[in-house]
Amino acid sequence: MTDTQTLNPSDLTDAGPAGLTVEDLTIRYGGNVAVSGFSLAGPLGWVTGLIGPNGAGKTTTFNACSGLLRPSAGRVSLFGADVTNLAPPARARLGLGRTFQRMELFDSLTVAQNVRLGREAALAGCNPLRQLISTAADRRAIAAAVAEAIELCGIGDMAGLRAGSLSTGQRRLVELARALAGDFRFLLLDEPSSGLDKAETAVFGSILRRVVEERGSGILLVEHDMDLVMRVCDYIYVLDFGQPIFDGTPVEVRRSPVVRAAYLGSEAADV
Ligand SMILES: Nc1ncnc2c1ncn2[C@@H]1O[C@H](COP(=O)(O)OP(=O)(O)OP(=O)(O)O)[C@@H](O)[C@H]1O
Ligand SMILES: [Mg+2]
């Protein structure tokens, strides 16, 4: 892969069906261009990485994908449908889930209650009567989704503990379980492993691989931890000062002098 040449899923013989696609995205904050002409293909069944030094425009891109930010130009598509003008709840109903860069768990609730909220939030914006008067089948579906997410993240033994009593590593797993309980087909994760130690990060990475391999979901992973990115991503895009500077497989990214140069002087210079 050469610099700034961007792939579409159709160009990749082993890529899955279309998940999240970003075309020629530009985002300005007032007069400042935070992201410029960025395109990305995140197929289902893959972990797609988005990396870059601090302030590169990763969270800005992420927010345009979830619908929190309206792009100045460009297009965002989900499963082949243009969602550029849809608000976050409408994108969630189509199957898009997200976490936040800052962790947002409810400390006074238990782990299970926090995870359950992920499922309930996924129903937000649906028929309000459906939310008030849930059927026995709805309740069974919620319980099954919560149990599956808790099992996948290996947090069953802490289900009854209050989230406020957990370590950062445990909280990150609860946060991931909450996103997974929403039963989304595509997940946006913004620095989901920050604060984890090496062993916790390895566990976290293997859960992400299970999600794409067993569920066939797609994941867009914004992450500073290069070991995690290199180990779990199928394909990686690199932004620097809002500009796409490289995209390729983990091996190609690791070898790229352009990527190395962008990271020089930052904490992740050893890409
Ligand atoms: N709400 C905002 N208003 C104005 N400028 C902003 C706003 N949010 C971000 N920016 C600017 O846009 C650029 C991209 O920021 P962004 O948060 O997307 O970077 P990032 O790649 O996520 O960085 P980090 O690795 O630190 O999370 C930066 O120059 C930042 O200062
Ligand atoms: Mg960010």
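Visitor: How many helices and strands does the secondary structure of the protein come to?

Guide: This is a predicted model: local features need pLDDT of at least 70, side-chain atom pairs count only at pLDDT 80 or more, and totals for chains, interfaces and linings use all residues. Residues are numbered from 1 along each chain as its sequence is written, while chains are lettered from A and ligands numbered from 1 in the order in which they are written. Helices (H or I, at least four residues) and strands (E, at least two) are DSSP runs, numbered from the N terminus. The count comes to 10 helices and 10 strands.

Visitor: What percentage of the 271 residues in the protein is buried?

Guide: Buried means 20 or more other C-beta atoms within 10 Å of the residue's own, exposed means 12 or fewer, and partly exposed lies in between, with C-beta atoms placed from the backbone. By that count, the buried share of the 271 residues is 42%.

Visitor: What share of the contacts with a separation of 6 or more comes from residues 24 or more positions apart?

Guide: Two residues are in contact if their C-beta atoms, placed from the backbone, lie within 7 Å. Take the contacts in the protein with a separation of 6 or more; residues 24 or more positions apart account for 70%.

Visitor: Which element gives the most residues to the shell around ligand 1?

Guide: The shell (C-beta, placed from the backbone, within 6 Å) holds Tyr29, Asn32, Ala34, Gly52, Asn54, Gly55, Ala56, Gly57, Lys58, Thr59 and Thr60. Two elements give two or more residues, β2 (32–42) and α1 (58–66). With three residues, the top contributor is α1.

Visitor: How many residues of that shell are nonpolar, polar and charged?

Guide: Ala, Val, Leu, Ile, Met, Phe, Trp, Tyr, Cys and Pro count as nonpolar; Asp, Glu, Lys and Arg as charged; the others, Gly among them, as polar. The shell around ligand 1 therefore divides into three nonpolar, seven polar and one charged.

Visitor: Which elements do the buried residues of α7 pack against?

Guide: In α7, Thr201, Phe204, Gly205, Leu208, Val211 and Val212 are buried. They cover an arc (of directions from the helix axis to the C-beta atoms) of only 115°, so they sit on the same side of α7. Ala199, Glu213 and Glu214 are exposed on the other side. The buried residues pack against β3 (47–51), α6 (168–181), β8 (218–222) and α8 (226–232).

Visitor: Within what arc do the buried residues of α5 fall?

Guide: The buried residues of α5 are Val146, Ala149 and Ile150. Seen down the helix axis, they line one face, because they fall within an arc of 100°.

Visitor: Which residue just after α5 takes a positive phi?

Guide: The expected span of a helix is 1.5 Å times one less than its number of residues. For the 17 residues of α5 (136–152) that gives 24 Å, and the end C-alpha atoms are 24 Å apart. Just after the helix, a positive phi of about 65° belongs to Gly154.
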